[in-house]
Amino acid sequence: MTRRIKFIQGNEACVEGALYAGLEFFAGYPITPSTEIMEHLSKRLPAIGGKFIQMEDEIASMCAIIGASLTGQKVLTATSGPGFSLKQEALGYAVMAEIPCVIVNVQRGGPSTGVPTHVSQGDVMQARWGTHGDHSLVTLTASNHQDVFAMTVEAFNIAETFRTPVILLFDEVVGHMRERLEIPEPGEIPIVNRLRTAVHDGVDYHPYLPREDGRLPMSDFGGVHRYNVTGLVHDMWGFPSDNPKIIHGLLRHLVDKIENNASHIAMYKTFYLEDADTVLVSFGSAARSALHIVKSLRKRGEKIGLLELQTLWPFPADIVRRYCNKASYTVVVEMNMGQVCQMVKTAVDHRERVFLANRIDGVFITPTDIKNILRLIKGRGV
Amino acid sequence: MAVNDYIRERFFPHLWCAGCGHGIVLNGLIRAVEKLGMSRNEIVMVSGIGCSSRISGYMDFHTLHTIHGRALAFATGVKLSKPELNVIVPMGDGDALSIGGNHFIHAARRNIAITAIVMNNRIYGMTGGQYSPLTGPGMLATTAPYSNIDQSFDIVEMAKAAGATFVARTTTYHVHQMADIIRSAILHEGFSVVEVMSQCPTYFGRKNKQGGAVEMMKRMKEITTPIGSKKKVENPDLIERGIFVELDKPEYCSEYNQIIERAMGGY
Ligand SMILES: Cc1ncc(C[n+]2csc(CCOP(=O)(O)OP(=O)(O)O)c2C)c(N)n1
Ligand code: SF4
Ligand SMILES: [Mg+2]
């Protein structure tokens with residue numbers, strides 16, 4: 001069988017990835033530049049017996065996917081800035097109640113209504129800290145359609161493995177750009193399905209008692225095990241508790257299950273880094289321009305390379321350190337005021353060698369923009 | 001099955017104050033479900049935040065205690081993904097009609113087969129007695145120390161206008177009627193709303209000098225009358241109780257199943 005090849009938008013590549021991963025339920029509310037995801041799914045999901053619903057707002061959409069996940073389904077919602085803000089309370093609920101779910105944020109310019117049709121990467125910190133309280137979660141991103149597909153599949157796999165919400169932080173350029181996508185054969189990319197409990201009917205099932213490996217087997221609503229799910233701090237039965245030991249134990253579990261697996265979750269790509277003295281660090285659509293300028297400067301003999309981050313949270317500090325610590329110049333290319341740059345500075349010994357190459361005017365950062373900023377950084381004038 | 005089989009005794013004593021109306025609703029719910037003879041595995045109870053919303057944790061169903069005001073949105077996800085489940089949503093008046101007002105009207109509009117039980121004590125009990133959209137003008141609350149000037153919603157009228165196909169009202173005084181109505185609501189194929197006038201002696205009762213639980217419940221008897229009764233003609237201020245609406249209209253999940261058939265048939 002030949003692999004299916006499509007020439008499509010990034011948003012549709014995300015749809016293909018989600019369906020490949022086994023998506024069964026989508027709830028959403030229209031917002032530019034993510035709307036195409038829900039439009040495609042309204043057609044595709046019922047055709048495979050899945051469910052699609054346009055809810056009354058983004059809050060309701062986030063809540064609905066959590067409800068559907070508890071009946072055993074793989075679930076998705078998609079939005080952009082203002083809608084992502086609205087989802088934050090329920091996103092925290094998914095963290096607390098350990099509900100596998102995937103949330104796409106196709107970033108646009110903010111704050112507030114901002115610039116709906118222009119690109120930005122300004123929601124990196126919001127993805128990590130948008131909901132209140134100490135917590136951890138996973139955020140992935142991608143710079144091209146093949147990776148949008150792969151990261152979407154990965155997002156579902158991680159959500160199921162760690163019982164966690166996973167955020168796919170795309171941006172307007174990747175979401176709307178048209179590019180080739182080769183859809184892998186079924187089975188080519190491994191799919192993680194829900195881990196269900198082996199505890200029999202009539203035996204006490206503990207929905208919130210982690211196994212030795214830290215994983216918590218689930219039981220679908222409607223099945224033989226009836227248990228309580230709550231956003232309150234809870235014991236192993238899911239019943240509310242304010243016992244200090246239980247509070248401490250639960251918070252540690254929620255954070256550790258992600259942070260202790262940071263190295264497994266860390267995904268990235270390297271280009272020309274073996275001998276690079278100048279290392280660009282970038283992600284999402286900005287990484288396209290970064291790669292472009294790296295290739296053209298390499299042709300001129302400059303020792304420059306690119307570290308493209310695909311996992312943004314938990315922040316892959318070890319990877320960044322490995323590739324950037326010895327470089328004379330580390331330049332973070334992003335379309336915000338330095339949200340990833342801050343994190344890179346904390347990962348290396350010499351923060352004064354870390355620079356920011358950015359644009360925050362809604363215009364896509366070009367290879368020439370990066371080249372000019374590099375000249376400035378290196379004191380060569382423009 | 002015995003009444004106790006529907007309760008998670010492990011999680012008692014409950015957190016409600018003595019005389020709180022919410023415990024009576026729990027009782028009515030159990031009686032309704034017991035009569036229906038449904039398996040506990042087929043029932044999902046979804047609730048939000050408030051004293052009322054804690055009811056879910058005490059019942060031995062699949063229970064989902066969510067965030068303030070959003071229970072119906074979570075419930076919509078449960079129901080649409082597995083329509084064979086019976087989904088019951090107990091809510092507070094603030095939970096259902098203030099922060100959750102939008103989800104309430106949209107769930108009603110869709111006519112999705114979920115049963116919403118609004119436990120209306122006309123106050124925010126859990127946060128200590130602030131006024132709700134059901135408190136009514138002239139009443140006192142911790143945030144209306146002079147007198148409340150906010151007009152109230154009429155839950156029944158609102159549910160009807162939004163498209164709910166089963167709408168009823170009862171009180172904690174009328175326990176048998178409550179159980180019967182809840183049973184019919186659960187059996188109804190569409191969005192059903194049951195307003196249960198409930199008492200919060202701790203805040204609403206005390207602030208408004210309505211006495212303890214017993215006095216408040218007696219009052220519930222005095223200020224209500226069955227739908228269409230002669231008493232209502234003589235005293236239009238009386239609040240009617242009973243089933244106001246019971247309509248047969250397309251239910252959301254059944255309609256969606258037809259969409260699936262069309263999409264799979266490729267036309
Ligand atoms: C988003 C959010 N806002 C506010 C609160 C605080 N809060 C908890 S319960 C509640 C009101 C409860 O009133 P009601 O729904 O009438 O239930 P009752 O306690 O009276 O049964 C409020 C305001 C919250 N938990 N979440
Ligand atoms: S505060 Fe009011 S509503 Fe809450 S438990 Fe006490 S009596 Fe009931
Ligand atoms: Mg109340």
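**Figure 1. Secondary structure and overall dimensions of chain A.** In this predicted model, chain A contains 14 helices and 15 strands. Its C-alpha trace extends over about 75 × 45 × 45 Å along the principal axes. Of the 382 residues in chain A, 59% are buried. Contacts between residues at least 6 apart in sequence are also summarised for this chain: 76% of them join residues at least 24 apart.

**Figure 2. Surface and charge of chain A.** Chain A has an accessible surface of about 14,600 Å². Carbon and sulfur atoms account for 53% of that surface. The side chains of chain A include 39 positive and 41 negative ones, and the centres of these two sets are 7 Å apart. Over all chains, the count of salt bridges comes to 28.

**Figure 3. The salt bridge between A:R4 and A:E16.** The side chains of A:R4 and A:E16 form a salt bridge with an N to O distance of 3.7 Å. A:R4 belongs to strand β1 (residues 4-9) and A:E16 to helix α1 (residues 10-21) of chain A, so the pair ties together parts that are twelve residues apart in sequence. The two partners are also described by their accessibility. A:R4 is partly exposed, at a relative accessible area of 45%, whereas A:E16 is buried, at 3%. A network of salt bridges links A:R4 and A:E16 with A:K6, A:E12 and A:R44.

**Figure 4. The salt bridge between A:R380 and A:E302.** A salt bridge joins the side chains of A:R380 and A:E302, with 3.9 Å from N to O. A:R380 is located in the segment after α14 (367-377) of chain A, and A:E302 in the loop between α11 (286-299) and β12 (304-309) of chain A, so the pair ties together parts that are 78 residues apart in sequence. The relative accessible area of A:R380 is 46%, and this residue is partly exposed.

**Figure 5. The salt bridge between A:D361 and A:R359.** The side chains of A:D361 and A:R359 meet in a salt bridge, at 2.6 Å from N to O. A:D361 counts as partly exposed, with 44% relative accessibility. A:R359 is likewise partly exposed, with a relative accessible area of 24%.

Figure 6. A:K87 occupies the loop between helices α4 (81-86) and α5 (88-97) of chain A. This lysine has a relative accessible area of 1%; the cut-off for a buried residue is under 20%, and A:K87 is therefore buried. Beyond its neighbours within four places in sequence, A:K87 is in contact with A:E58, A:S61, A:M62, A:T77, A:T79 and A:I103. One of these partners, A:T77, is ten residues from A:K87 along the chain, and their C-alpha atoms are 9.9 Å apart.

Figure 7. Most peptide bonds are trans. The bond that joins A:T32 and A:P33 is cis, with omega at about 0 degrees. A:P33 is part of the loop between β2 (25-28) and α2 (35-47) of chain A. In chain B, the peptide bond from B:F12 to B:P13 is cis, with an omega near 5 degrees. B:P13 is placed in the segment before α1 (22-36) of chain B.

Figure 8. Most residues other than glycine have a negative phi. A:R163 is not a glycine, yet its phi is positive, near 50 degrees. This arginine, A:R163, lies in the loop between α7 (145-162) and β7 (165-171) of chain A. A:R163 is buried, with a relative accessible area of 3%. B:R122, which is not a glycine either, has a positive phi of about 60 degrees. The place of B:R122 is in the loop between β4 (114-120) and α6 (155-162) of chain B. With 25% relative accessibility, B:R122 counts as partly exposed.

Terms used: Residues numbered from 1 in each chain as written. Chains lettered and ligands numbered in written order. Predicted model: local features only at pLDDT ≥ 70, side-chain atom pairs only at ≥ 80, totals over all residues. Heavy atoms only, no water. Helix = DSSP H or I, 4+ residues; strand = E, 2+ residues; numbered from the N terminus. Buried < 20%, exposed > 50% of the residue type's maximum accessible area, 1.4 Å probe, protein only. Contact = heavy atoms within 4.5 Å. Areas by Shrake-Rupley, 256 points an atom, 1.4 Å probe, with all protein chains shown as cover. Lys, Arg positive; Asp, Glu negative; His and termini not counted. Charge placed at Lys NZ, Arg CZ, Asp CG, Glu CD. Salt bridge = Lys/Arg side-chain N within 4 Å of Asp/Glu carboxyl O.
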